[in-house]
Structure formats: C-alpha cells, structure tokens
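Subject: Structure handover and notes

Hello,

Here is the structure for your files. Please keep the notes below together with it.

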Amino acid sequence: PSPAPSPPPPSPAPSPSPPSPAPSPPPPAPAQSPLPSPPTPPPPARLQPPPALPPLPHQPPPPSPAPPPPLPPPPDRPPPLSPPSSAPGTTLIHSPPPLSPSPPPPPQPSPPPPSPLPRPPPPPRSPPSAPPPPPSPPLSPSPPPLPPPPSPSPSPSPPPPSPPKSPPRPLYDVRTVTGHTDSVISVAFGGHASLLASAGNFDDTVMLWDPKTEEVQRRLKANHMMTLSVALSADGLTLASAGFDKAVKLWDTGDGKLLKTLKGHQDVVKAVAFRPDGLMVASGSYDATVRLWDIESGLAAATLRHLYPVKALAFDPHSHHLASADDANIKLWDYTTGSRERILRGHTFPVTSLAFAPNDRLASASEDQTVRVWNTQIGSEVFKLTGHLGLVWAVAFTPDGGRLASGGYDNTIKIWDMHHGTLMRTLEGHTREVLCLAFNYDAHLLASGSRDHTVRVWDVAPPASPHPPPPSRP
C-alpha cells in the first residue's frame, strides 16, 4: 500500500543547548517542533475518549496467529484505542506515536487451557479392581484333625443323676375350671369337705367340683330359669340354690337329688346362706324380705322386712347376728328373736355382697367402688378400702378374719390385710369382671367366679403352717 502522506517538514530542530535567557514566545506557526511539555488539550478532550475508528488502510492486517491473551487494562485507564488520524500540527496526548510495523512475534505454542482446580491425588490403590489375593496354598490338603483328648484313666462311672426336684410352689398358683356356658354368678365351699359349688347364671346349672383335681363330681340342672345364688352347709352334705323362680331348693350333694323346694317369696330370690349349725337357711328376695327357713320342716320360721330389694345377706359364724342389705344400708338382726339391732350407713350406692369375720367384723362391697369393714358391736366403720376401678361385686373373709378378698368390675381380685387395712396383693387372670368369691375352711384356697364363664381356684396359703379349722358354735 502507498505510504500515508507525511506531515509538512518541521522547521530545523533547535540545538540541544538550553534556550536563550530571554525566550520570546514562539511565533504561531502551523508546524513547530515538539515542545518538552506539549500543550494541555482542553478538558473535554481528556475526559471523553475519541470515538473508535476503523483501521487505517496503511495498517497491516492482523497477524494470522492468535495473539496472546491481552492483559486486563488497569482499572483507572480506558483500554487502548486505535490511533486516529491526526490533523497537521496536532499531537495526541496519551497516545503513543505510530509505530512502524514490526515483524510479528514468533509463533509461540498456545498455552494449555487452564486446567480445573487440582484434585487431590487419588489414594494409592492396589492393582485394578484389587482382586482378593488368592488363598495361600494350604500347608496340607486339609488341616490335620486335632488329636483326641487323652482318655481319662478308668474310673467308676458316676451314679445316674437324681430326678430333678419339682420347683417350689408359687405363692399364688391358680387352676382354671371350665364347664359353665355363661357367667358364674356364685361360688361356695362346703365347710371342711373338699367340695366347691358353682352356679351359672343363664345356663341354670349348678356344678360340684373337687377343687384340687378340677374334676366335676356332680352337675345339677337347677330349673330356676336363672340361678342367682348357691350355698353349702358346713358339713358339705346339703346344697341350697335360688333364682328367678322365686323358690329356694335344697339338694343332696351325695346323689344330686332334690330334697325340698321352699316357696313363699313373691319375687326373685337373690341370695341364700346357711346358718353355721346347718339347721336353718336364709333367703333374701327382691320382694324386700328375708325369710328364715327350717330345713327339717321346710317352713318359714321368720320373715324380716326391708324397704327395698334384698341383694345380699350373711350369717355371723360365732354369734346370733344376721346381716342383710337393701339399697345402700346394712341391717343387723338377731335371728333368734327376729329383731333388728342397728343399721350401718356409709355406702352411697347399693351394697352387693356381705361377709362376716369371727371377730365381730363385717365387710361390705358396694357399687360405689369401695369396700367397708364394720365393727358390728358398736356399729362403726373400721376401714374404708379403695383401689378397685369400678363396681365391687364380691367380698370374702378368711376363716380367721386376718385377710379379706374383694373382686369387681376391673377383672381383679385384691387381698387386704385386716390388721392394718392395707392391700397385700392383686390377683389378675380373669378376662371379665369378678362376680363372686369364697375361701375354703383353712384359707389355703380362694375360688372366684367371673363373667368370663370360668371358675379360678387360687392357692393363697400363707407361708406359715396351715390354720386349724375354726371352732364351730351353735
């Protein structure tokens, strides 16, 4: 390309000697030699960079090899611009003079692309996939068997082991007696005889058991439409039953024959009990009366009047007292004269069960979820026992009066210490509410009947020796 027109030749450059002492201002000439300090351009020219111009024709095309990446411009200076065409006599400020085209720099190998951040060297690993080392060759085809232990010196063979001893009897062992097809509403032991009677409610059946072997000795069809109560005489020879037919029936436990039917009540008979001497039986009815029957004649010897249905009664084994309950009140009677001696008040809901102890104590269970123990001589309350989670249906004393059992709606039986009025033990096993309880003559066995159709016999013998049977009084 043709060279660009050069500017007009400058005037001869002054000698390098310093300027004259009295320099005169330079004449305004179109072209003058460059001064040591060029005139400052107007401020707008400093602040605003000239617009970018296309490359001049005399500039060589950019070299084909890629130039090295430009360095970033300093933060306070604009990026370098292509030199614009300068008018004659004008010198650009901060713009380097045009350079003669220099040969392109020798091609340099382009730097390798920046590699990503160095990764930590992988941990040394064993040869690829590090297969498990082959098992070391065994020292021998198979490990030699251990030498057999040296045979002991011949000695006489030990005696055969003795048969294992039976484990000690648990404190509260239980046997479950099944056979009823409905709720077991009443249970009774037969004095000194090993006999247990149980009554099913709607199955209208009375069963006589051997409580130790769980064997059914007799099954009686009571024909009460619904049996509600049973009792055994002290000698275990006579059974009394009562129910919906308003009658009391006496049975021979030996052969299961019906001995007598005692009639006179006008409504359902809810409770029966034998006098301790076995010569009289009492019955309590929803007709609000208690009748005392002579067993020999089968006639009512006395009738005791109440205001409400009678649901529970009991004879004192060592006195002439009879207790009967209607609603929430308990009445004490002298059964020899038929006179009422006192009324025990304290329960807030109907009384469901009564039991006497030989030391002038009477226990009562109630629908108010409490058990109360009374002194029958003075008519005062001795203990109020709480702990059942619902109605209490049954109570029973041991013959010596030292312990009391109670059972109720919470499916449990509680054993209470009558010396201090404290809970000794809770027996669990029934799956529905406990409806009746009875101790045998030596207090070793406790029978319980439940709405789960079972009778359970609990071995509750104390660790001490068995108690002698209580003396009988007429």
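The notes go from the whole chain to single strands and side-chain pairs.

This is a predicted model, in which local features need pLDDT of at least 70 and side-chain atom pairs count only at pLDDT 80 or more, while totals for chains, interfaces and linings use all residues. Residues are numbered from 1 along each chain as its sequence is written, and side-chain values use heavy atoms, with hydrogens and water left out.

Whole chain

The chain holds one helix and 28 strands; helices (H or I, at least four residues) and strands (E, at least two) are DSSP runs, numbered from the N terminus. Of its 474 residues, 38% count as buried. Buried means under 20% relative accessible area, exposed over 50%, and partly exposed in between, with a 1.4 Å probe and protein chains only. The chain exposes about 29200 Å², and carbon and sulfur atoms supply 62% of that area; accessible areas come from the Shrake-Rupley method with a 1.4 Å probe, and for residues only the protein chains shown count as cover. Among contacts (heavy atoms within 4.5 Å) with a separation of 6 or more, 41% are between residues 24 or more positions apart.

The sheet β2 to β5

Four strands form an open sheet in the order β2-β3-β4-β5, with antiparallel pairing. Two strands pair if DSSP finds at least two bridges between them. β2 (184–189) and β5 (215–221) stand at the edges with a single partner strand each, so one side of each has no neighbour in the sheet. On average, neighbouring strands of this sheet are turned by 20° against each other, direction ignored; axes are lines fitted to C-alpha atoms, for helices over the stretch in contact, and angles run from 0 to 180 degrees between N-to-C directions. Between β4 (residues 205–210) and β5 there are six bridges, and the two strands run antiparallel. T205 has K221 in β5 as its bridge partner.

Strand β8 and its two partners

β8 covers residues 247–252, and five of its six residues are buried. On one hand β8 is joined to β7 (residues 238–243) by five bridges, in the antiparallel sense. These two strands form a hairpin with three residues between them, and K246 in the turn has a positive phi of about 70°. On the other hand β8 pairs with β9 (residues 258–263), again antiparallel and over five bridges. That hairpin has five residues between its strands, and G256 in the turn has a positive phi of about 75°.

Salt bridges

The count comes to five salt bridges, a salt bridge being a side-chain nitrogen of Lys or Arg within 4 Å of a carboxyl oxygen of Asp or Glu.

- D245 is partly exposed at 24% relative accessibility, whereas K249 is buried at 10%.
- D277 is partly exposed, with a relative accessible area of 30%, and R275 counts as buried at 16%.
- R451 is partly exposed at 25% relative accessibility, and E433 is buried at 10%.

Aromatic pair

The structure holds one aromatic pair. F315 and Y335 make it, edge-to-face, at 5.3 Å centre to centre and with 80° between the planes. F315 lies in β14 (residues 310–315) and Y335 in the loop between β16 (329–334) and β17 (339–344), so the pair ties together parts that are 20 residues apart in sequence. As for the cut-offs, rings of Phe, Tyr and Trp (its six-membered ring) pair if their centres lie within 6.5 Å; planes under 30 degrees apart count as stacked, over 60 as edge-to-face and the rest as tilted. F315 is buried with a relative accessible area of 9%, and Y335 is buried at 10% relative accessibility.

Regards
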